[in-house]
Amino acid sequence: MQPALKGENDLSLNRRSFLQVTTAAAGGLLVSLYLPRITSAQQPPAPKVYPPDAFIHIATDGKINITVNRLEFGQGVQTSLPMVLADELDADWSQVTAELAPAADVYKDPLFGMQMVGGSGSIAHSFQQYRELGAKTRAMLVAAAADRWQVAANQCRTENSVVYGPNNRSARYAELANDAARKPVPDKVALKNASEFRLIGKPVKRLDSPAKCDGSQKFGLDLDLPGMKIAVVAHPPVFGARVKTVDDREARALAGVRDVFEMPLEKGTGVAVVADRFWTAKRARDLLKIDWDLTGLERPDTAELRAKYKQLATTTGNVAATRGDEKALDRIPQPNRIVAEYEFPYLAHAPMEPLNATVNFQGDKAEAWVPSQFQTMDQMIIAQALGLKPDQVTFHTEFAGGGFGRRATTDSHVPKEAAVIAKRFRDTPIKLIWTREDDVRGGYYRPMHAHRIEIGLGPDGLPSAWRHVIVGQSLLAGTPFAMMIKNGVDETAVEGTADTSYNIPNFHVSVHHPTVNVPVLWWRSVGHTHNAFVMETLIDELATRARVDPIAYRKKLLKADAKKLHSVLDLLDQKSAWRKNLAAGRAVGISSHESFETAVACAVEVSIENKRPKIHRATVAVNCGLAVNPLSVESQFQGGLGFGVLQLMAQGAITLKDGRVEQRNFDAYTPAYIIDAPSAVDVHIVPSTEAPTGCGEPPVPVISPAVVNALSILTGKRYRTLPLVSV
Amino acid sequence: MATFHLNINGSEKTVDVDPSTPLLWVLREELKLTGTKYGCGISACGACTVHVAGIATRSCVVPVDLIGDRPIVTIEAIGKDPVGRAVQNAWIEKDVVQCGYCQSGQIMSAVALLKDTKKPTDKNIEESMGGNLCRCATYVRIREAIKRASQQLG
């Protein structure tokens, strides 16, 4: 059916004014955020003592509630971190429950120094922390039991929430909890050997599954508080536009409308509508007649940007990687050279749960409920908007219906809008809802990119010279992270290329970061979304040209020390024997990529149906160090592949004309449905006892190049422009 | 505003709302049945799927004044139905959910499919589940869970 879009308003964001505040208030905090990523798995978490009582509550009925210092938004951390703690605690898993932590210093990421989910760091950074919490609590329970029985602690053992002592004595944790709480928290504690794990490394089902199958799980959008009002905001049609005049007479005439007022946004201004119910608020917003002031605003046009980016890519940018001889390419004879140009569109995250935030301003304090990936930032910015200090804002982390980076903004613009509105309604909880149209048109996209690559092949069929130019907006420019841009290079634009593990002797990567009036943001797997596509389609093309098996070719070209990548290619080779035996009309595509310290290789079986790729199956090999919950790792990879298919969807693009976003909803910006995603995905994990690395983002980069590599076999064409409008 | 008497999950409920209000927002805001989700408002994602007289229906585009006396079943009550219970159990057994936001709608669509087609083929599944978007892309396990529920129901 045709959606009724008449009267839908646009939105915008306004970052600049607020970012200055943010930078001043939080610069030091945020500097530490980005740095550790490269070395996170090698570094143990900062030696900080965490009070167990902030994380563990053992009730007298034997229930053990574990507080999770992360947002749960699908990645399964609300199960995996409690598993880690419960294992070292020797807790009875059937009695374990888990809840999401409110914003507080103690729940900050041990490496990032901020309470957040991002960079696939939840398990990687909190594994050690949660093990120690479990082990220390166990030691305190044992000490309490040993005291009670007048025996030495080392004469006691624990299992399933019970301490066992000499002479058949035993005591349940629930009986010991009060005594244990009076024991000192040990400074150091022995952790289990891997062979002693009872939960870690075993497939454990999610704790939140039952509530998510019967409708009882509450998400941020489901919040219902006494006296609560609903707010929607009419956002500008062009980013940064301001309200010139507004006629709100019809809107105000609707029963249930409480207020209509102009409000400042991150950039420009908007009109807020507050009503008793969502449907009233939305209808009232549709009735607003707003005249917008677009004076002096850049009105981006993606067709023009493509031409501009393509031109820029023919010139050298800021140097991101350089090794060997820059002139080597020019000495290679023309027949052994390849020139390739790629284009990538803006992408919206479009999590299933539309963006929302609820704030109740109570004068000298406030309460907020936000499905947030950046609790520390969101709490601080809500406080600033209300004239309060962060610790005057009680901040509840609400379950989120997806996020993929969209709920981690450096300007916290959605919670801030809620706070600005709530300030006018003292002692009234205000739930701000962004409609799907607000979300799709609202910016904060994965940036558009152009790549231009010149490759020179050596006599062995391997690339001996590689010159690569990337064009795309910087994610970090204009944010508190801007100081992370080094020599004009934003690492998030070049990750996956500049740091490639392929051994190319003469290798040069540079980047241009144009400024465009479109807000951009990290999108699940960030720069790897486009860089892996470019690298893995080109390497595949070179393998085809050299007539070498694509797995063998990759292994030949990889550096010897790229151990994780070698391990996944070897495992993939073993597990994808099916690829030697394909039905007519089908082809197999290969890709491999390492991101966030997790290596992935995949083989996909593809045919062409109705001029679209049909992905019949995918076999995936993963090296993520120790797989804490293999069932969850499998789940992330099965789903992450389907998520990545968005890049190939015919309508997988956000475009702008005359400054206005042309898509409004899923009818025009269309992620993968069941028919588009792989029909079957088998996931194989390289056995490992190394430190665990993340699995949220690494699945995403591999799928689109693998599918396209299969398509190239079927059609003989190369696919370098996304979205994939036609095969 | 107008008064509507609705048959929701087997009991009669009375609401006083604007006649244009979609059933979704009546369920969520008037009746506090928040298991049914808002995802798009244009019947493009299926997160709002409920059963209206046994038919899987996108509640975000059905105005309340079109419902009449047709019985409505939502995710909160689908477990009382043997097929509904089997689907929920299969979802849990296969550990389908990730963020979980779309899963009420997925389950309501799957129940409607299995009531209609006891032994669905992959093609049946793709057709019946074809309009239910899952941004976490839990589709592989959704397929497995539907087959598992079908098997359990015999």
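## Strand pairing in chain B

Val52(B) stands opposite Ile72(B), a residue of strand β5(B). This pair belongs to a predicted model. Strand β5 of chain B spans residues 72-73 and is joined to β3(B) by two bridges, the two strands running antiparallel.

Strand β3 (residues 49-52) of chain B also pairs with strand β4 (residues 55-58) of chain B, again in the antiparallel sense, over four bridges. Within β4(B), Thr57(B) is the bridge partner of Val50(B). The hairpin formed by β3(B) and β4(B) has two residues between the strands, and in this hairpin Ala53(B) takes a positive phi near 50°. In general, strands of a sheet pair through backbone hydrogen bonds, in either a parallel or an antiparallel arrangement.

## The contact between chains A and B

The two chains meet through 49 residues of chain B and 53 residues of chain A. On the chain B side, α1 (23-30), α2 (82-93), α3 (103-116), α4 (122-128) and α5 (139-153) each supply at least two residues. The largest share of that side, four residues, comes from α5(B). By residue type, the side of chain B that touches chain A divides into 25 nonpolar, 15 polar and nine charged residues.

## A seven-stranded sheet in chain A

Seven strands of chain A form an open sheet with mixed pairing, in the order β9-β10-β7-β17-β14-β15-β16. Its edge strands are β9 (257-264) and β16 (393-397) of chain A, each of which pairs on one side only. Neighbouring strands of the sheet are turned by 20° against each other on average, direction ignored.

Helix α10 (residues 413-422) of chain A packs on this sheet and touches β7 (229-234), β9, β10 (269-275), β14, β15 (366-370) and β17 of chain A. The direction of α10(A) makes about 35° with that of β14(A). Strand β14 (residues 356-361) of chain A is joined by four bridges to strand β17 (residues 430-433) of chain A, and these two strands run antiparallel. In β17(A), Ile433(A) is the bridge partner of Asn356(A).

## The nonpolar core

The largest nonpolar core has 272 residues, and those with the most contacts inside it are Ala231(A), Val273(A) and Cys602(A). Helix α3 (residues 122-149) of chain A contributes the largest share of this core, 13 residues. In soluble globular proteins, nonpolar side chains tend to be buried together.

Leaving aside neighbours within four places in sequence, Ala231(A) is in contact with Ala272(A), Val273(A), Val274(A), Ala281(A), Ile421(A), Ile430(A), Lys431(A) and Leu432(A).

Which residues of helix α8 (residues 302-312) of chain A are buried? Thr302(A), Leu305(A) and Tyr309(A) are buried in this helix. They lie on the same side of α8(A) because they cover an arc of only 50° around the axis.

The buried residues of α8(A) pack against β18 (449-457), β19 (463-472) and β24 (656-657) of chain A. The face of α8(A) turned away from its buried side carries the exposed residues Ala303(A), Glu304(A), Ala307(A) and Gln311(A).

## The surroundings of Ile685(A)

Ile685(A) lies in strand β26 (residues 681-685) of chain A. Ile685(A) counts as buried because it has 21 C-beta neighbours inside 10 Å, where the threshold is 20 or more. Not counting residues up to four places away in sequence, Ile685(A) touches Val622(A), Ala627(A), Pro630(A) and Val633(A). Ile685(A) and Glu697(A) are 12 residues apart in sequence, and their C-alpha atoms are 16 Å apart in space.

Technical notes. Residues are numbered from 1 along each chain as its sequence is written. Chains are lettered from A and ligands numbered from 1 in the order in which they are written. This is a predicted model: local features need pLDDT of at least 70, side-chain atom pairs count only at pLDDT 80 or more; totals for chains, interfaces and linings use all residues. A nonpolar core is a set of buried Ala, Val, Leu, Ile, Met, Phe, Trp, Tyr and Cys residues joined through C-beta atoms within 7 Å. A residue is buried if 20 or more other C-beta atoms lie within 10 Å of its own, exposed if 12 or fewer, and partly exposed in between; C-beta atoms are placed from the backbone. Two residues are in contact if their C-beta atoms, placed from the backbone, lie within 7 Å. Two strands pair if DSSP finds at least two bridges between them. Axes are lines fitted to C-alpha atoms, for helices over the stretch in contact, and angles run from 0 to 180 degrees between N-to-C directions. The arc is that of the directions from the helix axis to the C-beta atoms. Ala, Val, Leu, Ile, Met, Phe, Trp, Tyr, Cys and Pro count as nonpolar, Asp, Glu, Lys and Arg as charged, and the others, Gly among them, as polar.
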